[in-house]
Amino acid sequence: MLALATVFLLGAAASACGDDDDSASTAPPATEASGGTVAPATSGAPGGSETPAAGGETVTTATTDLGTFLVDGAGMTLYVFTPDDQGPSTCEGECLAAWPALTGPVTAGAGVDAALFGTADRSDGSVQATYDGWPLYYFAQDTAAGDVNGQGLNDKWYVVDPTGAAIDSD
């Protein structure tokens, strides 16, 4: 029962973030939305050396039937929030609880372009990693490598491909 309440609360927080209207919105079920399998995450450039973007967490790619998208070194999916519009983060408060920021700086692993990484200052004084100007986030309901439970949520949260484009699975 406690687990169900936790899922409900996280879903409510996720719905609160980015939902412009008064209609009810629920988070997707806690299963892999893509139905695909995740290719093993690898890091490092050919020959095993990593290309540093600036240090910190390594960002690499994974592939499912959604396509190839950014993940951290543990295979956890990274998302963009379209209202950020390649600018500073607009996800605060309850939104940030459901969509934790990837704090930066980061290291570029295999499949990503180190030149697209940057950082942005957040209103709380922390530094958030960006890719092609988009602040990067995790989704609290993704609990295992390859989970994409936040994909398409409220038509504003999307996985991001190696070119920096949001992958809209509609």
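**Aromatic cluster and backbone exceptions**

One aromatic cluster is formed by Tyr 79, Phe 81, Trp 99, Tyr 137, Phe 139 and Trp 157. The structure is a predicted model, in which local features were required to have a pLDDT of at least 70 and side-chain atom pairs were counted only at pLDDT 80 or more, whereas totals for chains, interfaces and linings use all residues. Residues are numbered from 1 along each chain as its sequence is written, and side-chain values rest on heavy atoms, with hydrogens and water left out.

Across the whole structure, 7 aromatic pairs were found, a pair being defined by rings of Phe, Tyr and Trp (for Trp, its six-membered ring) whose centres lie within 6.5 Å, with planes under 30 degrees apart counted as stacked, over 60 as edge-to-face and the rest as tilted. Among them, the rings of Phe 81 and Trp 157 have centres 4.2 Å apart and planes at 15 degrees, so this pair is stacked. Because Phe 81 lies in strand S3 and Trp 157 in strand S8, the pair ties together parts that are 76 residues apart in sequence; helices (H or I, at least four residues) and strands (E, at least two) are DSSP runs numbered from the N terminus. Phe 81 is buried, with a relative accessible area of 3%, and Trp 157 is likewise buried, at 0%, where buried denotes under 20% relative accessible area, exposed over 50%, and partly exposed the range in between (1.4 Å probe, protein chains only).

A stacked aromatic pair is also formed by Trp 99 and Phe 139, at 4.1 Å centre to centre and with 25 degrees between the planes. Trp 99 lies in the loop between H2 and S4 and Phe 139 in the loop between S7 and S8, so that parts 40 residues apart in sequence are tied together by this pair. Trp 99 is buried, with a relative accessible area of 0%, and Phe 139 is buried with a value of 3%.

The backbone was examined as well. Most residues other than glycine have a negative phi, and most peptide bonds are trans. Asp 85, although not a glycine, has a positive phi of about 50 degrees; Asp 85 is located in the loop between strand S3 (79–81) and H2 and is exposed, with a relative accessible area of 59%. Asn 154 also has a positive phi, near 55 degrees, and is placed in the loop between strand S7 (134–135) and strand S8 (157–159), but Asn 154 is buried, with a relative accessible area of 16%. A cis peptide bond, with omega about 0 degrees, joins Gly 104 and Pro 105, and Pro 105 lies in the loop between helix H2 (94–98) and strand S4 (106–108).
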